[in-house]
Amino acid sequence: MKYVSEFRDPQLAQQLAQAMANEVHPDRLYRFMEFCGGHTHALARYGVLDLLPSQVQMIHGPGCPVCVLPIGRIDMAIEVARRPGVILASYGDTLRIPASKGLSLMGARAQGADVRVVYSVDDALQLARTWPDREVVFLAIGFETTTPPTAVAIQTARREGLRNFSVLCNHVLTPAAMHAILDQPEPVALDGLVGPAHVSTIIGSRPYEVFASDYHLPVVIAGFEPLDVMQAVLMLIRQVNEGRAEVENEFTRAVNREGNARAIALTDEVFALRDQFEWRGLGSMPHSALRLGDRYADMDAELRFALSTRVVPDHPRCECGPILRGHKRPQDCVLFGTICTPDQPTGACMVSSEGACAAHYRYGRHQADEVAA
Amino acid sequence: MCLALPARVIDIDATRQHGTVDMGGVRKQVSLALLDEVQLDDYVIVHVGYALTRLDQDEARQTLALFAQMAADEQPSAP
C-alpha cells in the first residue's frame with residue numbers, strides 16, 4: 001500500500017463516473033462546494049471535472065490560505081521585513097501575493113529586505129539559532145494544519161530561550177469560514193459540501209456536524225486523491241437523492257470524529273481567538289482567526305514590532321472576493337488570463353496552485369474552449 | 001500549501017520527536033511531535049515538515065474495497 005497510486009486508478013475513476021451518471025436525476029442541478037484548495041487543485045489537475053455528470057456543478061470555496069490573506073496583512077509582513085536586522089521567514093507561497101503599491105514580499109526582497117523561504121517553521125527556528133544578533137520573524141499562515149507546527153516551534157523557542165524569534169500570526173479557522181459562506185447576505189445556493197482532508201485530520205469530523213444539523217447541508221470529508229474526491233461527490237449525490245443531510249467520512253484512513261487530540265491541545269495552549277480578523281473576500285469575521293495567547297505574547301511579532309493592520313481594498317477589477325464567496329468563477333473575471341496570470345498575478349487566487357484561478361489557468365481552460373467551440 | 005503526501009517512516013530518533021520518512025524514494029527529516037507512538041514503517045501524512053496523522057491501512061483497504069464493489073455494481077453499459 002502506497003496510499004497514492006491505488007487512489008488514482010483511471011479504470012475505477014471511469015466506473016465511479018458511470019455510477020454518478022446513473023444516479024443523478026437528469027432534471028436537477030447538484031451544487032457542491034469544495035471548501036479546500038487541495039480539492040480545487042485535484043479536481044483540475046486530474047481532469048475530474050471532465051468526468052462529472054453535467055448535472056453536478058463544483059463551486060470553489062475559500063479554503064486556500066494564500067487566497068484569503070488580505071493585502072493589509074502582506075503589507076504588514078513587508079513592513080516588518082524592511083526593519084533593520086530583521087529576517088522574515090515565510091512559506092514560499094506567500095512571496096508572490098500582490099500587496100500595496102505594486103509590491104510583494106518578493107519585490108521587497110529584491111529591494112533589499114531579508115526574506116527567506118522556509119519549508120517548515122523548524123527552518124525558521126534554525127535561522128534564529130544561526131543568527132542570534134538578528135530578529136527572525138516567522139510569517140505564519142494557514143488553516144488548522146499549519147497551526148500545530150507553529151505551536152510546537154513557539155514552545156521550542158521558549159524552552160531553548162531563543163529571544164530573537166517571533167511569529168506574525170495569520171492562522172485562520174475553517175468552521176468560521178464555512179459559517180461565513182453560509183451566512184452571507186446572499187448565500188450561494190449549495191446542495192452539499194466536500195469537507196477538507198488535512199484540516200480534518202487535526203480537528204476531526206465533529207466540527208462539521210452543525211452544518212448538517214442547522215443548515216441541512218450534506219457534508220462528506222474527502223481525501224485529496226482523485227478517486228477520493230469522486231467517491232465523495234457520489235456520496236453527496238446519494239445524500240441529496242435520499243433527502244439526507246449528514247456528515248460522512250470518505251477519508252477514514254486518516255480522519256476520525258475526534259481529530260488529533262495532541263495537536264488540538266497544543267493549539268489551545270499556545271493560541272487564543274482573535275475578536276475579529278479580516279479575510280480577503282469574506283470581510284472581517286469575529287472569532288475566525290488566532291493570535292498568540294497571553295503567555296506567549298512576548299513572541300507575538302505584532303506586539304514586538306508595534307505593527308498594525310490597515311484594510312486595503314483589492315484591485316478594483318479583481319474578482320477574488322466573489323470567487324472566494326462562491327458567487328463567480330475564475331473565467332468570469334476580466335483580468336483572468338490576460339493581466340492576471342500565475343507568472344504575474346493581480347489577485348491572490350492566481351498565486352497558489354490551490355487557488356481557484358491558478359487551478360483553472362493551469363488545467364481547466366480547455367473546458368471553456370470546448371464549450372465555446 | 002495544503003499539498004501533502006503520504007510518507008513511510010524509516011527512522012525514528014531517540015527522543016521520538018523527529019524521524020526520517022521516505023516519499024517515493026525521497027528521504028526527508030520530519031517532526032513527529034504531533035503524533036503519539038509512531039512506529040517504523042507506519043505511513044504518515046507529512047505537511048510543512050510535520051507528520052499530521054497516521055494512515056490506517058485497514059481503513060484504506062476498506063475504502064479501496066468500496067471502490068471495487070462500486071466497480072462491480074456499475075459496469076459501463078455495452079456499446
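Reader: Why are α1 and α11 of chain A called roughly parallel to each other?

Author: In this predicted model, the axes of α1(A) and helix α11 (residues 226–241) of chain A cross at roughly 15 degrees and come within 10 Å. Angles under 35 degrees count as roughly parallel, over 145 as roughly antiparallel, 65 to 115 as roughly perpendicular and the rest as oblique. So α1(A) and α11(A) get the label roughly parallel. The axes are lines fitted to C-alpha atoms, for helices over the stretch in contact, and angles run from 0 to 180 degrees between N-to-C directions. Helices (H or I, at least four residues) and strands (E, at least two) are DSSP runs, numbered from the N terminus.

Reader: What makes the contact between α1(A) and α11(A), and in which hand do they cross?

Author: α1(A) passes α11(A) in a left-handed crossing; that is the name if the near helix is turned anticlockwise from the far one by less than a right angle, with right-handed for clockwise. From α1(A) come Leu12(A), Ala13(A), Leu16(A), Ala17(A), Ala19(A), Met20(A) and Glu23(A). The α11(A) side includes Leu227(A), Met230(A), Leu234(A) and Arg238(A). Contact means heavy atoms within 4.5 Å. The residues of this contact divide into eleven nonpolar, two polar and two charged (Ala, Val, Leu, Ile, Met, Phe, Trp, Tyr, Cys and Pro count as nonpolar, Asp, Glu, Lys and Arg as charged, and the others, Gly among them, as polar).

Reader: How do you know that α6(A) and α7(A) are roughly parallel too?

Author: The axes of helix α6 (residues 121–130) of chain A and helix α7 (residues 147–160) of chain A cross at roughly 25 degrees and come within 9 Å. That angle makes α6(A) and α7(A) roughly parallel to each other. Here the crossing is right-handed. Val121(A), Leu125(A) and Arg129(A) of α6(A) meet a set from α7(A) that includes Pro149(A), Ala153(A) and Glu160(A).

Reader: What makes α4(A) largely enclosed?

Author: Ten of the eleven residues of helix α4 (residues 71–81) of chain A are buried, so the rest of the structure largely encloses this helix. Among them are Ile71(A), Arg73(A), Asp75(A), Met76(A) and Val80(A). Buried means under 20% relative accessible area, exposed over 50%, partly exposed in between (1.4 Å probe, protein chains only).

Reader: Why is Ser166(A) called buried?

Author: Its relative accessible area is 0%, so Ser166(A) counts as buried. Ser166(A) sits in strand β6 (residues 165–171) of chain A. Not counting residues up to four places away in sequence, Ser166(A) touches Val136(A), Val137(A), Phe138(A), Met299(A), Ala301(A), Arg304(A) and Phe305(A).

Reader: And why is Glu37(B) called exposed?

Author: Its relative accessibility is 62%, so Glu37(B) counts as exposed. Glu37(B) lies in the loop between β3 (26–31) and β4 of chain B. Leaving aside neighbours within four places in sequence, Glu37(B) is in contact with Asp42(B) and Arg54(B).

Reader: What makes the pair of Tyr3(A) and Tyr43(B) tilted?

Author: The ring centres of Tyr3(A) and Tyr43(B) are 4.8 Å apart, with 55 degrees between the planes. Rings of Phe, Tyr and Trp (its six-membered ring) pair if their centres lie within 6.5 Å; planes under 30 degrees apart count as stacked, over 60 as edge-to-face and the rest as tilted. Tyr3(A) lies in the segment before α1 (10–23) of chain A and Tyr43(B) in strand β4 (residues 43–47) of chain B, so the pair joins two chains. Tyr3(A) is buried at 3% relative accessible area, and Tyr43(B) counts as buried at 14%.

Reader: Why is the pair of Phe35(A) and Phe143(A) called edge-to-face?

Author: Their planes stand at 80 degrees with the centres 5.9 Å apart, so this pair is edge-to-face. Phe35(A) lies in strand β1 (residues 30–36) of chain A and Phe143(A) in the loop between β5 (135–142) and α7 of chain A, so the pair ties together parts that are 108 residues apart in sequence. Phe35(A) is buried at 2% relative accessibility. Phe35(A), Phe143(A) and Trp279(A) form one aromatic cluster.

Reader: What should I know about numbering and cut-offs in this model?

Author: Residues are numbered from 1 along each chain as its sequence is written, with chains lettered from A and ligands numbered from 1 in the order in which they are written. In this predicted model local features need pLDDT of at least 70, side-chain atom pairs count only at pLDDT 80 or more, and totals for chains, interfaces and linings use all residues, while side-chain values use heavy atoms, with hydrogens and water left out.
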